[in-house]
Amino acid sequence: MKRRRTARIERKTRETRIELALNLDGQGRSRIKTGVGFFDHMLTALATHSRIDLDVRCKGDLHVDAHHSVEDVGIAIGQALRQATGDKQGLVRFGHAYVPLDEALSRAVVDLSGRPWLHFGVQFRAQRIGDMPTELIEDFFWALVDHGRFNLHLDVLRGRNSHHIAETLFKATARALKMAVARDPRVLGVPSTKGSL
């Protein structure tokens, strides 16, 4: 019988309170409420295109700004991904995707290596998208990889509209994660010559 690849995270600090549930073998269903509208839109896209079921509730100190909420949700999703993938036995491990949205095109490459690293080859023309500062997008992805313990290389190959660029980053990451966390029946044990990840 295959192990259920799910996770539940509760994270409470003086700045945020987060409750999160994740299912790697889901259908892309999501219930997202962070109090940051554009961020909710991006997390919904992440769930939809990865086919990961994602339930996120965050109450943060938005009277200060959105930074703590965005970063802490990234931490919690990273922890949940790490918990749900377990020892990574039988996983594909690597994933990549190109995603366009009109004039914007982004690439994401993932390695569930156990080593956190983010390459963020992205520039935004706008300082904000809706209620979210664009600099927080990089902060989210750093928190995600740091606590998920994986490599993520993100590059925007072209684009003008900051909303489109951000959306292609989240969708490409979703598609790359979908590939990386998939089970491969030909992989016996951990997909590494070292025998562990």
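Two strands count as paired here if DSSP finds at least two bridges between them. Strands are DSSP runs of E with at least two residues, helices are runs of H or I with at least four, and both are numbered from the N terminus. This is a predicted model, in which local features need pLDDT of at least 70 and side-chain atom pairs count only at pLDDT 80 or more, while totals for chains, interfaces and linings use all residues. Residues are numbered from 1 along each chain as its sequence is written, and side-chain values use heavy atoms, with hydrogens and water left out.

**View 1. The sheet of β5, β6, β10 and β7.**
This open sheet has 4 strands in the order β5-β6-β10-β7, and its pairing is mixed. Its edges are β5 (94-101) and β7, each of which pairs on one side only. On average, neighbouring strands of the sheet are turned by 10° against each other, direction ignored; for such angles, axes are lines fitted to C-alpha atoms (for helices over the stretch in contact), and values run from 0 to 180 degrees between N-to-C directions. Strands of a sheet pair through backbone hydrogen bonds, either parallel or antiparallel.

**View 2. Strand β10 and its two partners.**
Look for Leu-152 in β10 here. Strand β6 (residues 104-111) and strand β10 (residues 151-158) run antiparallel and share 7 bridges; within this pair, Val-110 has Leu-152 of β10 as its bridge partner. Strand β7 (residues 117-121) runs parallel to β10 and is joined to it by 5 bridges. In that pairing, Leu-118 has Leu-152 as its bridge partner.

**View 3. The β5-β6 pair.**

Helix α3 (residues 135-148) lies across β7 and β10, and runs at about 160° to β7. Helix α4 lies across β5, β6, β7 and β10, at about 150° to β5. Contact means heavy atoms within 4.5 Å.

**View 4. Where α1 meets α4.**
Helix α1 and helix α4 (residues 162-180) pack at an angle of about 30°, and their axes are 8 Å apart. From α1, the residues in contact include Phe-38, Met-42, Leu-46 and His-49. Among those they meet in α4 are Ala-166, Phe-170, Ala-174 and Lys-178. By class, this α1-α4 contact has 8 nonpolar, 5 polar and 4 charged residues. Here Ala, Val, Leu, Ile, Met, Phe, Trp, Tyr, Cys and Pro count as nonpolar, Asp, Glu, Lys and Arg as charged, and the others, Gly among them, as polar.

**View 5. The β1-β2 hairpin.**
Strands β1 and β2 form a hairpin with 3 residues between them, and pair in the antiparallel sense over 7 bridges. Two facing pairs are handy landmarks. Glu-10 stands opposite Glu-19 in β2, and Arg-11 stands opposite Ile-18 in β2.

**View 6. The largest pocket.**
On a 1 Å grid over the protein atoms alone, a pocket is an open set of points where a 1.4 Å probe fits, with protein on both sides within 12 Å along at least five of seven lines; lining residues have an atom within 4 Å of a point. Grid points are joined across faces, edges and corners, and a volume is the space filled by probe spheres set on the points. The largest pocket holds about 230 Å³ of space. Its lining has 13 residues, with Ala-21, Leu-22, Asn-23, Asp-53 and Asp-55 nearest the centre. At least two lining residues come from each of β1 (6-12), β2 (16-23), β3 (30-33) and β4 (53-60). By class, the lining has 4 nonpolar, 3 polar and 6 charged residues.

**View 7. The second largest pocket.**
This pocket has a volume of about 190 Å³. Its lining includes Lys-2, Arg-3, Arg-5, Asp-87, Lys-88 and Arg-183, and divides into 2 nonpolar, 3 polar and 6 charged residues.
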